[in-house]
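Open the model in a viewer and keep the selection tool at hand. The stops below say what to select next and what is there.

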Amino acid sequence: MCYEVGRGIVTAMNTATTTAPRTDWRLRFGVLSLIWGFSFLLIKVGTEGYAPFQVTLGRLVFGTAVLAAAMVAKRERLPRGWRTWGHLAVAAFLLNALPFSLFAYSELTIPSTLAGICNATSPLWGMALSLVALSEDRPTRVRVAGLGIGFLGVLTVLGAWQGFHGLDATGTAMALLASLSYPIGWIYVRRTLAGSGHSHLSLTGAQLLLAMVQLAVVTPLFTSVPDHLSPGPLLAIAALGALGTGLAVLIQYGLVAEVGPTTAQMVTYFIPVIATAAGVTILGESLTWSTPVGAVIVLAGAALTQARPRGRKERQVEAGAVVEVGAAVNAEEPAATSKA
């Protein structure tokens, strides 16, 4: 979503030359943080009027429309080749259809604040999986320590010492599974689509299109047509798709091109803070001391898992890389930054 971004694995790919941005990157960084941070609130509002699958389908429809318009404006074409489309279909499921749906279902029973914090665990899952799936990702003491600290933060957020009292286990598990889906998708993309020769806009547009088709097939099987249209939730879904899934992806890639993936992925650490603030102040969600304290521990651990020695080889990779964002995301995306 909203990770959609959130947050991630850096993949070397061929990208088109971008023109100089009109606005300062710090401003766009702040806008991206706000968009993905508010995505969890928008999901919660959307599910008040529509079924979770309907929220996800609407999100993908509006997000795909934004990327389609961007592709027309830049005269980009969809990628060719059945093999590429097959890989993109898997990526669409892991990075969009599955996590977006899981977050929507989870927020039926858990606060948007908790969903936003669960989304921040994506870098932790990603580091753990990369040690197994990516032979070039060697563990260091700092990164392993970050992994342990991060999951200690998760237990703090969930109130493990109280026996998880008052916590909806199913909803929380869905949110954590959604955050796990992002790094699985990133690793798959890294292994199958890196160096494909297609632009990031072309690949992401096709990925969202396929995710939309997947939800268009599934949604009628599990939901019925709403008796009436709910304007508020519908506007929330439109904003979630157009901003949190469409515009956010374009902003994220622009940031990666300008300041590099390391700086751009720092947006991951602002998403749960904004999601918590939005949920408490706007939706009136309750907040105990363990939630913000645990969130800080999670983010500290996630930051340590991303610590790498910056040698010559890594600088070369970063110079020609893009971060694969799932949406986003959520907080979305990422394909690399997790986003709701």
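Predicted model: local features only at pLDDT ≥ 70, side-chain atom pairs only at ≥ 80, totals over all residues.

Select Val-142, which sits in helix 6 (residues 141-158); helices (H or I, at least four residues) and strands (E, at least two) are DSSP runs, numbered from the N terminus. Val-142 is partly exposed, at a relative accessible area of 42%. On this scale buried means under 20% relative accessible area, exposed over 50%, and partly exposed in between (1.4 Å probe, protein chains only).

Residues are numbered from 1 along each chain as its sequence is written, and side-chain values use heavy atoms, with hydrogens and water left out.

Now show the whole chain. It has 13 helices and 2 strands, and 54% of its 340 residues count as buried.

Next, select Ser-112 in helix 4 (residues 112-119). Is Ser-112 buried or exposed? Ser-112 counts as buried because its relative accessibility is 0%. Beyond its neighbours within four places in sequence, Ser-112 has contacts (heavy atoms within 4.5 Å) that include Phe-40, Lys-44 and Glu-285.

Move to helix 3 (residues 82-106) and look at Phe-93, where the helix bends by about 40°. The bend is the angle between axes fitted to the seven residues ending at a residue and the seven starting there. In the loop between helix 2 (52-73) and helix 3, find Arg-75. Arg-75 has a positive phi, near 55°, and counts as exposed at 77% relative accessibility.

Finish with the salt bridges, each a side-chain nitrogen of Lys or Arg within 4 Å of a carboxyl oxygen of Asp or Glu. The count is 2. Arg-26 and Asp-24 form one, at 3.3 Å from N to O. In the other, the closest N and O atoms of Arg-28 and Glu-258 are 2.4 Å apart. That pair links helix 1 (residues 25-46) to helix 9 (residues 231-259), across 230 residues. Arg-28 is buried at 14%, whereas Glu-258 is partly exposed at 37%.
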